Amino acid sequence: MTDKVHPRVALFEAGEAVDALPVCDHYSGVEERMRKSLELQGRMGPVFDVTLDGEDGAPVGGEREHAALIAEMADSPANRFDRVGARLVTVDHPAFGDVTDIIVRRAGARLAYLMLPKVRGLAELQRGIDAIDAASAAAGLQRRIPVHALVETHGALREVFELAAHPRIQSLSFGLMDFVSAHRGAIPASGMSVKGQFKHPLVVRAKLEIAAACHAHGKTPSHCVVTEFKHPAALQEAATKACRQFGYTRMWSIHPAQIEPIVDAFTPSTAEVDLAIDIILAAQAADWAPIRHNDTLHDRASFRYFWHVLERAHRTSYAGDPQLPAEIRAAFFD
């Protein structure tokens, strides 16, 4: 298989975005929990990102000190896979510039991304990105740090396609709690629950708009948190809906117990993986011309779909427990 054209080369245009982010984004803001999150990632492997939270995790007035702690952790040996990001304070926060400078100066070379919360539209997103780039230039970085943003305001949702189109954006997340609060009581509290958030029309509309905007521009839509972390079955049901019905390819975790159910929900089934392997190998053997498999015709459009299944199976493989056969990993991913 080594002399055959790789699926990424055969099926995608040069420079076309490929969704390569882990399916789970775990948020932690308290020092002890941040350290435990990094330890857990070290054991499980990079099946989830760790986002060190400089917004909700920082004590009021202690944002700069908390930023220094985040930078220290992100730049430490505990960041084994370079899959650690940080959430900054809001762009209009008095400490935003200092927090950004502190984190970028110490850890900018290793940060997987920076998250901008509560952006109110494209102009505010650009302000945040300009500040990140200025801090990067001052630190002498030779890279542009990927940027994620939270869609949780009316303005951000109104301009969500413009946000997703921004060349610096890698992922957009839905901020359920702030979005519901922004409706001044018009959305009941049930709209924030594990079941109600998939039923209330205004919340459903927001989720679908974000997912559609991201997919239109080759970016990663990241689903909001589920606060009922002691109900793993309900969490897994929500994660499955987010993935299978709402088009999300990533989801937030706010408790270590949520990580494995989220990863499992976003993991392709064994049958899906086996079918994808059969079709991709047959397509590659045919030099990516149309094929017939089990009396069904397949061409480049379905080849692309089944390649995405294999990529997701690879991204959701825990350390020491790969989903894909060794020969497939060697041919396509090593």
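In strand 8, which residue is the bridge partner of His26? The bridge partner of His26 in strand 8 is Ser253.

## Basis of the model

This is a predicted model, in which local features need pLDDT of at least 70, side-chain atom pairs count only at pLDDT 80 or more, and totals for chains, interfaces and linings use all residues. Residues are numbered from 1 along each chain as its sequence is written, and side-chain values use heavy atoms, with hydrogens and water left out.

## Overall chain

The chain has 14 helices and 10 strands. Helices (H or I, at least four residues) and strands (E, at least two) are DSSP runs numbered from the N terminus. Along its principal axes the C-alpha trace spans about 65 × 45 × 35 Å. A compact globule of 334 residues would have a radius of gyration near 20 Å, and the chain agrees with its 20 Å. That radius is taken over C-alpha atoms, and the globule rule is 2.2 Å times the number of residues to the power 0.38.

Of the 334 residues, 53% are buried. Buried means under 20% relative accessible area, exposed over 50%, and partly exposed in between (1.4 Å probe, protein chains only). The accessible surface of the chain comes to about 14800 Å², with 54% belonging to carbon and sulfur atoms; areas come from the Shrake-Rupley method with a 1.4 Å probe, and for residues only the protein chains shown count as cover. Among contacts (heavy atoms within 4.5 Å) between residues at least 6 apart in sequence, 73% join residues at least 24 apart.

## The barrel

A closed barrel of 8 strands runs 1-2-3-4-5-6-7-8, with parallel pairing. On average, neighbouring strands of this sheet are turned by 30 degrees against each other, direction ignored. Two strands pair if DSSP finds at least two bridges between them. Strand 1 (residues 24-28) and strand 8 (residues 250-253) run parallel and are joined by 3 bridges.

## Helix 5

Helix 5 (residues 122-138) has 17 residues, which at 1.5 Å a residue should span 24 Å; its end C-alpha atoms are 24 Å apart, in agreement. The expected span is 1.5 Å times one less than the number of residues. Helix 5 lies across strand 4, strand 5 and strand 6, and runs at about 150 degrees to strand 4. Axes are lines fitted to C-alpha atoms, for helices over the stretch in contact, and angles run from 0 to 180 degrees between N-to-C directions.

The buried residues of helix 5 are Glu124, Leu125, Gly128, Ile129, Ile132, Asp133, Ala135 and Ser136. An α-helix has 3.6 residues a turn, so residues three or four places apart point the same way. The cover over the buried residues of helix 5 includes helix 4 (96-107), strand 4 (114-116), strand 5 (147-151), helix 7 (160-165) and strand 6 (169-174). Just after helix 5, Gly140 takes a positive phi of about 75 degrees.

## Loop residues

Most residues other than glycine have a negative phi. Asp82 is not a glycine, yet has a positive phi of about 55 degrees. Asp82 is in the loop between helix 3 (63-74) and strand 3 (84-87) and is partly exposed, at 36% relative accessible area. Lys118, also not a glycine, has a positive phi of about 55 degrees. Lys118 lies in the loop between strand 4 and helix 5 and counts as partly exposed at 25% relative accessibility.

Phe12, in the loop between helix 1 (7-11) and strand 1, is buried, with a relative accessible area of 9%. Leaving aside neighbours within four places in sequence, Phe12 is in contact with Pro7, Arg304, Trp307 and His308.
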